[in-house]
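Thanks for coming. Please have a look at the model first.

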Amino acid sequence: MRKLKVAILEDDPRLLLDLEYMVEELGLADIVAKSQYSSDFITLVETKNPEALFLDIDLLGDTMSGIDVCNRLNLPTLFISGKTKENLEKIEDLKIYNKHPIDFLTKPV
């Protein structure tokens, strides 16, 4: 079975490692890009061509949110965030207006 190629954006380095571990442990996806910063992440995604994104929503100290990144990259997205409740309306709008699947999991996962 071919594995899905994913990219992960998570601002907390510890949580990024935890998420990486969980994805690798499941064995269903290959992580082709990862970053703590939106600008680096966008560059990596444009060169590594993942098929789906795992995004945190609230990126402390960053100029963009995970919602902004999702809008810019226009790929299937799973938000993994502790801020899903506060951003539920924005996520629902993305689900309606995006041609790709959008969903979310609330931290802790």
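Asp56 sits in the loop that runs between strand S3 (52-55) and helix H3; helices (H or I, at least four residues) and strands (E, at least two) are DSSP runs, numbered from the N terminus. This is a predicted model, where local features need pLDDT of at least 70, side-chain atom pairs count only at pLDDT 80 or more, and totals for chains, interfaces and linings use all residues. Residues are numbered from 1 along each chain as its sequence is written, and side-chain values use heavy atoms, with hydrogens and water left out.

Is Asp56 buried or exposed? Its relative accessibility is 4%, so Asp56 counts as buried (under 20% relative accessible area, with a 1.4 Å probe and protein chains only). Leaving aside neighbours within four places in sequence, Asp56 is in contact (heavy atoms within 4.5 Å) with residues including Leu9, Asp11, Gly66 and Lys107.

Now the helices. H2 (residues 38-48) packs with H3 (residues 66-73) at an angle of about 25°, their axes 11 Å apart. Axes are lines fitted to C-alpha atoms, for helices over the stretch in contact, and angles run from 0 to 180 degrees between N-to-C directions. H2 and H3 are therefore roughly parallel to each other (angles under 35 degrees). From H2, Ser38, Phe41, Ile42, Val45 and Glu46 meet Val69, Arg72 and Leu73 of H3.

H3 also meets H4 (residues 88-97): the axes come within 11 Å and cross at roughly 10°. That contact is made by Ile67, Cys70 and Asn71 of H3 with Lys90, Ile91 and Leu94 of H4.

Key
Parallel < 35°, antiparallel > 145°, perpendicular 65-115°, else oblique. Buried < 20%, exposed > 50% of the residue type's maximum accessible area, 1.4 Å probe, protein only.
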